[in-house]
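Me: I have a model to go through with you. Let us take the salt bridges, then the ligand site.

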Amino acid sequence: MREKTIFELIVEGKIPCNKVLEDNDFLAFHDINPKAPIHILVIPKKHFRDFQEFEPELMAKMTRFIQELATLLGLDKSGYRLVSNCGENSGQEVFHLHFHILGGFELSKNKDKTNQQTLF
Ligand code: AMP
């Protein structure tokens, strides 16, 4: 049987997290090792290994959740970066689908926007 990921254990309440927002389907919490002044992870409560396995219907709901979260954090005004690492070559480390929301700094000053190595 597959070993549960750390994010599934967080959903089950077996491991604590620094929660920001929650509803029936999704949970948002602070990344334990932030790569930006504001670094939040958004996960579905149901398990999906990565974005490639995700259900489009839930993605529609998750869009609304992320938009609400961004507003709550004031990032709707200042802007933010939304990232999901998908699969081995992307550098994904936790194999439970998650989106990184990164904000609180001006990424546009970084001319080479294709170079993600500085963030992940
Ligand atoms: P990824 O490389 O896209 O799979 O990102 C995994 C992220 O999860 C990294 O940014 C980690 O810092 C973060 N992370 C790992 N364990 C925890 C945890 N227990 N609570 C919060 N964030 C975590």
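Me: Which side chain meets K14 in a salt bridge?

Reply: This is a predicted model: local features need pLDDT of at least 70, side-chain atom pairs count only at pLDDT 80 or more, and totals for chains, interfaces and linings use all residues. Residues are numbered from 1 along each chain as its sequence is written, and side-chain values use heavy atoms, with hydrogens and water left out. A salt bridge here is a side-chain nitrogen of Lys or Arg within 4 Å of a carboxyl oxygen of Asp or Glu. At 2.9 Å, N to O, the partner of K14 is E12.

Me: Is E8 buried or exposed?

Reply: E8 forms a salt bridge with R2 at 2.9 Å, N to O. Buried means under 20% relative accessible area, exposed over 50%, partly exposed in between (1.4 Å probe, protein chains only). R2 has 46%, so R2 is partly exposed. E8 has a relative accessible area of 9%, so E8 is buried.

Me: How many residues apart are E22 and K45?

Reply: E22 and K45 form a salt bridge, with the closest N and O atoms 2.8 Å apart. The pair links distant parts of the chain: E22 sits in strand β1 (residues 19-22), K45 in the loop between β3 (38-44) and α2 (56-72). Helices (H or I, at least four residues) and strands (E, at least two) are DSSP runs, numbered from the N terminus. The separation is 23 residues.

Me: How many salt bridges are there by this rule?

Reply: The pairs above include E8 with R2 and E22 with K45. By the 4 Å rule, the count is ten.

Me: How much of the ligand does the protein bury?

Reply: An oxygen atom of the ligand is 2.8 Å from an N or O atom in the side chain of K35. An oxygen atom of the ligand also lies 2.8 Å from an N or O atom in the side chain of N85. Taken alone, the ligand exposes 500 Å². Of that, the protein buries 88%.

Me: How many residues of the shell around the ligand are charged?

Reply: The ligand is surrounded by 16 residues, the closest being D31, N85, E93, H98 and H100. Asp, Glu, Lys and Arg count as charged; Ala, Val, Leu, Ile, Met, Phe, Trp, Tyr, Cys and Pro as nonpolar; the others, Gly among them, as polar. Six residues of the shell are nonpolar and seven polar. The charged ones number three.

Methods. A residue is near a molecule or strand if one of its heavy atoms lies within 4 Å of it. A polar contact is a pair of N or O atoms within 3.5 Å; within protein, one must be able to donate a hydrogen and the other to accept it, and residues adjacent in sequence count only if both atoms are side-chain atoms. Accessible areas come from the Shrake-Rupley method with a 1.4 Å probe; for residues, only the protein chains shown count as cover.
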